[in-house]
Amino acid sequence: MIDDALIVRTSPFHDRTSLVCLTNAWTTISGTTLVSSYRNVELEYWAMFRSAGVVDVSYQIAVRVVGNEAAEALENLILTRIGDLAAGSFFHTAWCTDEGFVVGEGLLLRQDSASFLLLTRAPCVSFIEMACSGFDCTVEIAGDAEAGLELIGPAAPQILESAGFSWAPALHPGSFVSMTVRGVTVHIACLEHGGAPAFAVRTAREGAVLLWDRLRRAGAQSGLLPVGTAAHTIVRLEAGEPAYGLDYMGALVAPSWRLMSTPDAIGFGPMISNGKTRFNGSAALRDAPRPRRRLVSLAVEGAGTLAPAFITAEGLPVGHVTSAAWSPRLGCGLVLAWIETINNSPPNGLRLVSPVRGAAAELTDSNRDGRHCTLYVPA
Amino acid sequence: MNANRTPSHMYDALVIGAGHNGLVCANYLARAGRKVLVLERGSEIGGGAITREIAPDFRVSACAHVLDMFEPDIFRDLKLKKHGLVYSRQALPIVALAEDGRHLYLGDDQNRAESSIAPHGFLDAKAYIEFSRTLARISEAIRPLAENGVVRLVGEPLSRGVYARIDRGLARLDKDERRLVQELVPGPLASILERYFETPLLQAAVAFSSTLGLSIGPRSPGSGLAFLRRIALERRGKRSLAVHPVGGVGALSEALGAAALARGVEIRTGVNVAQILVEDGQVAGIQLDDGELITARSVVSSIEPSQTFLGLLPAGVLDAGFRRRVTNVRSTAMTAKVHLALDGLPEFKGLNIPDMASRLVIAPSLNVIEEGYSAALEGRFSADPVMEVVLPSIHDPSLAPIGQHVMSVVVQYAPYEIVGGWDKGRDGLAERVLTTLGRYAPGIEEKVIAGEILVPPDIESVFGVPGGHWHHIDLAPDQLYWLRPVPGAEDHRTPLCGLYLCGAATHPGGGVSGLPGRNAARALIAQERRS
């Protein structure tokens, strides 16, 4: 008998992605096995800026919150004011434990006045259920949004139109639409990815292959390429977006308080709407001291092994790298790293030290806002 | 008038529930100059601490039938004697009944205790005396922890001196006494008692009281901790605090009510609180179910915490994790009451009338107690129920007509739900109780004029306690001290500014001690001073 936990959980697109994964390079995100690179990471990366790339993001969980008081329930939970969210639009938000530590983050889509869809990597349905208890609403995994793709690149609008999703190109960033075209019901949200048009497309598991085939056919003339998680990570790091479970641990799964993080520490502070005083954990955050460590995005000039690496200041370890990649477009390495801060700013004399290569990087410039410090790796 | 009260507020504090803890709290708040209103759903004050008529002129304490841990300082502070509280009997001993009439006397009189145990075992008699001395010293050492509010271990500086006092108390204990405390905290009580004593009746008599009203057996982990809690609360050193008030336990509530009224507290009965009002993250008052709004700076709730947090507060006021903790609180009632009106005093074999006025324990051995517990877990009641019996009318003639008596029996291990339902099972339990009593007091059945049985669902409906649990929630290691009722509300304050808890679900738990009420009032006053 095989333990269910040991069975590989494949994406709904696996039947198709496995056919074109020439590298046989796979990775696992949130328990779902996905292609790391189909053919060549750099090729896939440039496709997202020159034509279009389609990325399998089926590791996201879709949670539906529906009911007369769904808005009030979510208002009570998330950092961002729900009143700012009109029907047909979405925003990026996060939610915390009572102690003010981030549980997870994701996209919250408002379908109508009483129906919301939350897309997240964080396995926290029971937490959301508990947060919504007492309100007139239900919380459930959305079975009609199990298969997720991101379509990124200048050709993305045209590909969607060719695939029959004619309303999609008219969407503006932050809005979404649900439509059924030739038997496939999809939710399409217009994202922004480093200035390139990007769309999140979700459908039910049974419609996944049909959706994939339709998009591939529609994009064949435009140079649409399947993009693996490796190239997608570069785009994420260029945007300075931390990933749940990789760059930070959700408070529900972190084994120690030391590994839990407040919104400010991760960089989610701006998500808290101005004047919003009540959300889960708000009381604890009001009394919380400034975080002693922060997740910062660093640009590392020159070639070099970026991860695994740790960061020192004046010879003492002050942080470590959680994600790293070389950005072909920016011509530098990009890392996300936790750094012990002094008065909310990175300490002076930062050096990035790679134990693999024995190389060290020195801080040459910093905008001192805790993000996008520039490091230099000597040749 | 208190200068802190906002002019728009009608009261400084509202107390929900006029049980003894609510009344104690109201008294202390009024004593500190607060304007207080107590709101009681029932038609009379007292909650579970009432004396009720079971037949014309036969009155009996409804839930708790003795005051075994009522704090003497509260009696003095609130001048309860002046308000009519008089004890008909003090330092009530426990008499463990033996079918052969060789009963054990376990009271403050050590010589009598020794001589009653000696026929069962000379070594046990000596061991019991030594054990009693040890318990008295341990009781003194740990009492500060039981009688004071707990200090938050998380989120606030540990500046109060309770733990320092316990440290000093424990330092006064010798090596063996400290080892006993160490063993009792995590361990099952039974295994420790079996090491000390050989006489099954003695083992059971010592263990029984610590399981009263609880949902654990003497072999359960946590029974030792429950025992420590009990000895800390029901003793002042060598002296037992168990007393019987003239007029039954309800006399305490009446005295507390009279004291409260004398201090200017307003008490409204027959009113049902529908909602606690919250404005800007702060308690603003309450709304009654008839729509009436009553504003106040603070609300102190003596009712069960899930009713308070999940039933009376608007959704969304509390954080999700806290709500989850409240939802997960365990409450498993396992105690029933039997009240009998008797035409004359029953004749217990080998027991004289003064001793009959003691707390009579029927628990032949640890195994019998444990079997009762096991049966309850399976939804049955034991064939050999264990119980505590009192005959208060012996020393309090006000409770029954001359020449007649009332008997109150706490029957341990009667589950909330039984196989086949209580409608069918109620008579069966009454019959087993009478049969068991008959083994010790032959012919008692013929003396019964009237009676009633209150199983947990009855206690729930009569006294409004969800689940019929005397302590509101289980007294288990994970729901005691810093964890009672849940982390975040362990020192009577709650995550909602201005809302406090003072019921049996708060430290140090149920039993008629008055300590949750007093400590909640202290916490409220201290918090107001801080802010």
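**Arginine contacts and aromatic rings in a predicted model**

A polar contact of 2.8 Å links the side chain of B:Arg34 to that of B:Glu528. The structure is a predicted model. Over all chains, it holds 17 aromatic pairs.

- In chain B, B:Arg34 belongs to the loop between α1 (20-31) and β2 (36-40).
- B:Arg34 counts as buried because its relative accessibility is 11%, which falls under the 20% limit.
- Besides B:Glu528, the side chain of B:Arg34 reaches the backbone oxygen of B:Ala32, at 3.0 Å.

**Aromatic rings**
- A pair of aromatic rings is described by two values, the distance of the centres and the angle of the planes.
- The ring centres of A:Trp46 and A:Phe49 are 6.4 Å apart and the planes stand at 70°, so this pair is edge-to-face.
- A:Trp46 and A:Phe49 are separated by about one helical turn, because they are three residues apart in helix α2 (residues 41-50) of chain A.
- For B:Tyr481 and B:Trp482, the centres are 6.0 Å apart and the planes are at 45°, so the pair is tilted.
- B:Tyr481 is buried, at 11% relative accessibility, whereas B:Trp482 is partly exposed, with a relative accessible area of 27%.
- One aromatic cluster is formed by B:Tyr128, B:Phe131, B:Tyr196, B:Phe197 and B:Phe227.

**Charges over rings**
- In chain A, A:Arg293 lies over the face of A:Trp338, 4.0 Å from the ring centre.
- In chain B, the charged end of B:Arg112 sits over the ring of B:Tyr105, at 4.2 Å from its centre.

Technical notes:
Residues numbered from 1 in each chain as written. Chains lettered and ligands numbered in written order. Predicted model: local features only at pLDDT ≥ 70, side-chain atom pairs only at ≥ 80, totals over all residues. Heavy atoms only, no water. Helix = DSSP H or I, 4+ residues; strand = E, 2+ residues; numbered from the N terminus. Buried < 20%, exposed > 50% of the residue type's maximum accessible area, 1.4 Å probe, protein only. Polar contact = N/O pair within 3.5 Å; in protein donor to acceptor, adjacent residues only side chain to side chain. Phe/Tyr/Trp six-rings, centres within 6.5 Å; stacked < 30°, edge-to-face > 60°. Lys NZ or Arg CZ within 6 Å of the ring centre and 35° of its normal.
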